[in-house]
Amino acid sequence: MTTDHRLVAQQLTLGYRERTVIEGLDLEVPPGQITAIVGANACGKSTLLRSLSRLLAPTHGQVLLDGKQVHRLPAKELARTLGLLPQSPIAPEGIAVSDLVGRGRTPHQGMFSRWSSDDDVAVAAALDATQTAELADRPVDELSGGQRQRVWIAMALAQQTDLLLLDEPTTFLDVSHQVEVLDLLTDLNRSRGTTIVMVLHDLNLAARYADRLIAIAGGTVHSSGEPRDVLTEDMVRAVFGLDSQIITDPTSERPLMLPLGRHGVVGSTADGRRSQ
Amino acid sequence: MTISTTSSTGTTGSTSGSTRPAGADSLRSSRRSRVVWLLVVVGVLACVAVSSLVLGSRQVGWGDIVAGVTGHDTTIAEAAVAKRVPRTVLAMVVGAALGLAGAAMQGVTRNPLADPGILGVNMGASLAVVTGIAWFGLSGAQSFTWVAITGAAVTAVFVYAVASMGRGGPTPLKLALAGTATTAAFSSFITAVVLPRGDIADSVRSWQIGGVGGATFDRILPVVPFLVVGLLVSVVSARGLNSLALGDDVAAGLGERVAIARGSAALGAVVLCGAATALAGPIGFVGLVLPHVCRLLVGIDHRWLLPFSALTGACLLTVADVVGRVVARPGELDVGIITAIIGAPFFIYIVRRQKVRAL
């Protein structure tokens, strides 16, 4: 099963007050794929994601979902197609896991309609997929960081949207939980055909898990495409201002970026100058 | 790992087909316990209402009570009971309004310290009414209510704006500080307005501390439509408050129009505060205490929390009124003083317990 919702940004300019963060950006999200947005701190990648998910109205240009401006679409209708998980969301004190995941059903419920068996099924499937079913009765406050993130993803899954946008879903997680979360999102993409767009900090995890990378620099798209075409030494230098060496990851045959700092590299001298 | 069910049409996969969906049981059991608590709270409210008719600075017998309630007031005892009927109704109505408004305010601001008294909203309503009485010859319950609601709304916006200034936006403590400072300032203004006016000082004073003693049905009835509107707006906002509790971004992601959800819940609360203040003066702490108690009883779903806060608010204010009548026989303590005695330690407890994180 694949979905063919088209999310497109045209000549997008974004900013807060007079500070412009993104300027004249064009972007097309490939349906049914995993797209990772990468870039340096404060390059505007989270701002871009906020705008794609209608949290931030553009100063110029537009974000179109199937040809319609996301900011003009009825909020509930949009929420049944496009889900969103912000960076470090807050859970109200004392909320139980099943309750939080159930909140993902909000856009499917009317003003006074009761909880339906569809809702039960969707919540159960979401708990199941994220392996959080055994946590269902626990308060979210008591969970570890990795468990909590899985619960939030379960909430987004219960929403049953064809598009899912995530802002740094692996922040504050240790490496095993990062892999776990990205595996889970890949499962979701492979089995449901959910289109996934996420901001990721870790270039190597992005290259490994994404079908497509979008590198943001200078307020616009520096390069985009398959990881092997985007993750290059030139790109890392231009976007992050860092010298690096790219090798092929023997475990995934995806590109792997090795940063070349002043220290810790074979042949670097005591004062941190590289001898070549 | 596989995802067993995918479509929203309700096909069940291998895992959820054979067993009951996870989480469904707990949802069902919590619903049962909520219904039990509902019966308990309604029962308590009934007892409280009866005790409010029975107890007072004058001791009466059961015969007097029956007679008083059914409209006879030939003896002093019967008349005393007859006077307690509107007073009980007023305490229940005002308490319900304040409890509900407090729960809604805590939801809107995601602030565990939010309360119509602490955020200065009641005092704003009060200042508006006192100014109206002193300078514009305001009289009559209905015009009191309009003016009080306007004062409450202006104050709510003002306090929220002051607390939003600076870094970090309207944090719980900044909101509480802005509200408390506003309350202190408005309270001084009220004194300044009333002090030179010996002609109105008495009527304003009893009303201003928060009193339900002078209740008559003539005063209550004109305010009822306002209370009903505030109640309806608040209850309709409950689902929006549930989404807002997850943060504005998640709420928007769930298809909530955040500004509208917040605005409508705030409007409902402000109308309730204004109406309650118009009836009984600025009463604090009812809206602070009960939402916390009710969260322990029925959880954080606002569709249950708001009605429960209203019911328990009615209980608390009626009890406070009864206590005020009994402890200072043959005189009476104003109900606002009793709620402050109960509420102030509770406020300190909340601040200490959770280091005031956002809800």
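Helix 4 of chain B is mostly covered, with 26 of its 34 residues buried. I'm working from a predicted model here, so everything below is read off that prediction.

**Helix 4, continued.** Helix 4 covers residues 76-109 of chain B and reaches 49 Å from its first C-alpha to its last. At 1.5 Å a residue I'd expect 50 Å, so the helix comes out close to that. Just past the end of helix 4, I found B:R110 with a positive phi of about 45 degrees.

**Chain B overall.** I looked up the secondary structure next: chain B has 16 helices and 0 strands. Of its 359 residues, 51% are buried. I also looked at contacts with a separation of 6 or more: residues 24 or more positions apart account for 75% of those in chain B.

**B:G313.** Where does B:G313 sit? I found it in helix 15 of chain B, residues 302-327. B:G313 counts as buried because it has 29 C-beta neighbours inside 10 Å, and the cut-off is 20 or more. Leaving out neighbours within four places in sequence, I get contacts from B:G313 to B:G95, B:A96, B:L98, B:G99 and B:L100, plus B:V286 and B:L290. I also took the C-alpha separation from B:G313 to B:R87: 15 Å, for two residues 226 apart along the chain.

**Helices 6 and 7 of chain B.** How do the axes of helix 6 and helix 7 of chain B cross? Helix 6 (residues 141-164) and helix 7 (residues 172-194) come within 8 Å, axis to axis, and cross at roughly 130 degrees. That angle makes helix 6 of chain B oblique to helix 7 of chain B. The crossing is right-handed. On the helix 6 side I list B:T155, B:F158, B:V159, B:V162 and B:A163; helix 7 brings B:K174, B:L175, B:A178, B:G179 and B:T182. I sorted the residues of this contact into 6 nonpolar, 3 polar and 1 charged.

**Positive phi in chain A.** Background for this one: most residues other than glycine have a negative phi. I picked out A:Q160, not a glycine, with a positive phi of about 50 degrees. A:Q160 is in the loop between helix 5 (145-158) and strand 7 (163-167) of chain A.

A:E253 also went on my list, with phi near 60 degrees. A:E253 is in the loop between strand 11 (244-248) and strand 12 (255-259) of chain A.

Buried or exposed, for A:Q160 and A:E253? With 23 C-beta neighbours inside 10 Å, A:Q160 counts as buried, whereas A:E253 has 10 and therefore counts as exposed.

Key:
Residues are numbered from 1 along each chain as its sequence is written. Chains are lettered from A and ligands numbered from 1 in the order in which they are written. This is a predicted model: local features need pLDDT of at least 70, side-chain atom pairs count only at pLDDT 80 or more; totals for chains, interfaces and linings use all residues. Helices (H or I, at least four residues) and strands (E, at least two) are DSSP runs, numbered from the N terminus. A residue is buried if 20 or more other C-beta atoms lie within 10 Å of its own, exposed if 12 or fewer, and partly exposed in between; C-beta atoms are placed from the backbone. Two residues are in contact if their C-beta atoms, placed from the backbone, lie within 7 Å. Axes are lines fitted to C-alpha atoms, for helices over the stretch in contact, and angles run from 0 to 180 degrees between N-to-C directions. Angles under 35 degrees count as roughly parallel, over 145 as roughly antiparallel, 65 to 115 as roughly perpendicular and the rest as oblique. A crossing is left-handed if the near helix is turned anticlockwise from the far one by less than a right angle, and right-handed if clockwise. Ala, Val, Leu, Ile, Met, Phe, Trp, Tyr, Cys and Pro count as nonpolar, Asp, Glu, Lys and Arg as charged, and the others, Gly among them, as polar.
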